[in-house]
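Trainee: I have a model open and want to learn to read its features. Can we go through a few together?

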Amino acid sequence: MRNYNDPHYLKKLQYANAENLKARIRIHRLYSTNPYGMFNWVFDQALLHIPTQASVLEVGSGNGEMWVEGKERVPAGWDVTLSDFSMGILNDAKTRLVDVPFKPEYREIDVQSIPYPDASFDAVFANFMLYHVPDRTKAIAEIRRVLKPNGALFAATLGENHMKEFNQLAQSIILDTDFNTSIVNRAFSLENGAEQLKTAFGDVQLVTYDDHLRVTDVEPMVDYFLSLANPKITSDHVEKFAEAVRQIIEKEGAFAIEKVTGMFIGRGYIGEP
């Protein structure tokens, strides 16, 4: 995904709707070895820190997957606003969440310029999205600004070795070093995210989620490959990729892929005792 922080590419192509995102979510839902679920785990962490009466904002909500997974766990006292800079993908969230017990507000928002007053929210979620933001320093400052003094940021992200087996295979087929999705991860990763968040938050905690993939079918891997929307991918590349995956599954019983995921929890202003 060489255009990982190009707003035009992300808004008009990669996230014009939820189809690419759904293909990537699907492979994790079907083949993750940890049955608990990443978003269920995120809710566990959030409920430890967010009061039962709270104003909550999510930036980069995508198709609302976290809220679909956790719909029965949202406290009745939460006032939830879901936002994304692509209204196309946010419309998918609206459709999926039409019958949930809580009633979110939906806003098209650029995290680099959040249109709310200071100290508006008790919590902000920014999951798997800060690596797409061109000016992360500004975005992180904006998140801290709209949080109440005792509010918390929850920012899930990836490690630099996330999906490395997939990346290595894809690179070997299309011969494009920029294809490696770890380039995306490195922009805001488990390895460097704390340093970036500490420009605005006095206390930053990292918690990690243990999981892997064991993929036993070719088609979801191909869908994941195509979902990255790299213009260099040709039909020949797709055929070669599919055949390589098929051979690995036949030989090993599954395509084993390392997942490296976790979440930063940011609290407090810089310089607070």
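Trainee: Where is the place of Lys 164?

Mentor: One caution before anything else: this is a predicted model. Lys 164 sits in helix 7, which covers residues 164-174.

Trainee: Is Lys 164 buried, partly exposed or exposed?

Mentor: Lys 164 counts as partly exposed, because its relative accessibility is 31%.

Trainee: How far apart are Lys 164 and Glu 258, in sequence and in space?

Mentor: They are 94 residues apart in sequence. In space, their C-alpha atoms are 6.6 Å apart.

Trainee: Glu 258 brings us to strand 8. How do I read the faces of a strand?

Mentor: Start with the general idea. In a regular strand, side chains alternate between the two faces of the sheet. Now the case here. Strand 8 spans residues 255-258. Phe 255 and Ile 257 form its covered face. Ala 256 and Glu 258 form the uncovered one.

Trainee: Which side chains of strand 7 point to which face?

Mentor: Leu 213 and Val 215 point to one face and are buried.

Trainee: In which sense do strand 7 and strand 8 pair, and over how many bridges?

Mentor: Strand 7, residues 212-215, pairs with strand 8 in the antiparallel sense. There are four bridges. Val 215 stands opposite Phe 255, and Arg 214 stands opposite Ala 256.

Trainee: Now helices. How do I describe a packed pair?

Mentor: Two packed helices are described by the angle between their axes and the distance between the axes. Take helix 10 and helix 11, the latter being residues 235-252. They pack at about 140°, with axes 9 Å apart. The two helices are therefore oblique to each other. An angle has to be over 145 degrees to count as roughly antiparallel. Helix 10 passes helix 11 in a right-handed crossing. From helix 10, the residues making the contact include Met 221, Val 222 and Phe 225. From helix 11, they include Phe 241, Val 245 and Ile 249.

Trainee: What does the side chain of Ser 227 lie close to in polar terms?

Mentor: A polar atom of the Ser 227 side chain lies 2.7 Å from the backbone oxygen of Tyr 224. Ser 227 belongs to helix 10, residues 218-227. Ser 227 counts as buried because its relative accessible area is 1%.

Trainee: Is Arg 144 buried or exposed?

Mentor: Arg 144 counts as buried, at 4% relative accessibility. It lies in helix 6, residues 136-146. A polar atom of its side chain is 3.3 Å from the backbone oxygen of Gly 268. Beyond its sequence neighbours within four places, Arg 144 contacts residues including Pro 149, Ala 200, Phe 201 and Tyr 269.

Trainee: And a loop residue: where is the place of Gln 53?

Mentor: Gln 53 is in the loop between helix 3 (38-49) and strand 1 (54-58). Gln 53 counts as exposed, because its relative accessibility is 61%. Leaving out residues up to four places away, Gln 53 touches Gly 77 and Asp 122. The C-alpha atoms of Gln 53 and Trp 78 are separated by 5.5 Å. Along the chain, those two residues are 25 apart.

Methods:
Residues are numbered from 1 along each chain as its sequence is written. This is a predicted model: local features need pLDDT of at least 70, side-chain atom pairs count only at pLDDT 80 or more; totals for chains, interfaces and linings use all residues. Side-chain values use heavy atoms; hydrogens and water are left out. Buried means under 20% relative accessible area, exposed over 50%, partly exposed in between (1.4 Å probe, protein chains only). Two strands pair if DSSP finds at least two bridges between them. Contact means heavy atoms within 4.5 Å. A polar contact is a pair of N or O atoms within 3.5 Å; within protein, one must be able to donate a hydrogen and the other to accept it, and residues adjacent in sequence count only if both atoms are side-chain atoms. Axes are lines fitted to C-alpha atoms, for helices over the stretch in contact, and angles run from 0 to 180 degrees between N-to-C directions. Angles under 35 degrees count as roughly parallel, over 145 as roughly antiparallel, 65 to 115 as roughly perpendicular and the rest as oblique. A crossing is left-handed if the near helix is turned anticlockwise from the far one by less than a right angle, and right-handed if clockwise.
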